[in-house]
Amino acid sequence: MKTDIRNNVGLRIKKLRQEDGITQEKFALMTGINRSYLADIEQGNRNFGFDTLDKIVKGFGISLSEFFDGI
């Protein structure tokens, strides 16, 4: 079951990635996250931990506050 926060975080990741013109495949390689796992996160279908969130945020080169500003 999707939760609003999980769905919103996933949509934020997808939006930032697309704005940067980065494919899921490339972003997965940049962050060390499995591509299918990243796809599930973007779709709001996966729970994930702070370590994964940290990798994602660092992959975008922004702070956590900047990341959550868009949600």
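**Figure 1. Helices α1 and α3 are oblique to each other, because their axes meet at an angle of about 120°.** In this predicted model, local features need pLDDT of at least 70, side-chain atom pairs count only at pLDDT 80 or more, and totals for chains, interfaces and linings use all residues. Residues are numbered from 1 along each chain as its sequence is written, and side-chain values use heavy atoms, with hydrogens and water left out. Helix α1 covers residues 4-19 and helix α3 residues 35-42, and their axes are 7 Å apart. Helices (H or I, at least four residues) and strands (E, at least two) are DSSP runs, numbered from the N terminus. Axes are lines fitted to C-alpha atoms, for helices over the stretch in contact, and angles run from 0 to 180 degrees between N-to-C directions. Angles under 35 degrees count as roughly parallel, over 145 as roughly antiparallel, 65 to 115 as roughly perpendicular and the rest as oblique. From α1, the contact (heavy atoms within 4.5 Å) uses Arg6, Gly10, Leu11, Ile13, Lys14 and Arg17, and from α3 Leu38, Ile41 and Glu42. These residues of α1 and α3 divide into 4 nonpolar, 1 polar and 4 charged. Ala, Val, Leu, Ile, Met, Phe, Trp, Tyr, Cys and Pro count as nonpolar, Asp, Glu, Lys and Arg as charged, and the others, Gly among them, as polar.

**Figure 2. Helices α2 and α4 are roughly perpendicular to each other.** Their axes cross at roughly 110° and come within 9 Å. Phe27, Met30 and Thr31 of α2 meet Lys55, Ile56, Gly59 and Phe60 of α4. The contact of α2 with α4 contains 4 nonpolar, 2 polar and 1 charged residues.

**Figure 3. Thr31 is a buried residue of helix α2.** The helix spans residues 24-31. The relative accessible area of Thr31 is 10%; buried means under 20%, exposed over 50%, and partly exposed in between (1.4 Å probe, protein chains only). Its side chain reaches the backbone oxygen of Phe27 at 2.8 Å. Not counting residues up to four places away in sequence, Thr31 touches Lys55, Ile56 and Gly59.

Figure 4. The side chain of Gln24 makes a polar contact with the side chain of Glu42 at 2.8 Å. A polar contact is a pair of N or O atoms within 3.5 Å; within protein, one must be able to donate a hydrogen and the other to accept it, and residues adjacent in sequence count only if both atoms are side-chain atoms. Leaving aside neighbours within four places in sequence, Gln24 is in contact with Arg17, Arg35, Leu38, Ala39 and Glu42.

Figure 5. In α4 (residues 50-60), Thr52, Leu53, Ile56, Val57 and Phe60 are buried. The buried residues of α4 pack against α1, α2, α3 and α5 (64-69). Gly61 follows α4 and has a positive phi, near 70°.

**Figure 6. Asp20 lies in the loop between α1 and α2.** Asp20 is partly exposed, with a relative accessible area of 47%. The C-alpha atoms of Asp20 and Arg46 are separated by 23 Å, and the two residues are 26 residues apart along the chain.
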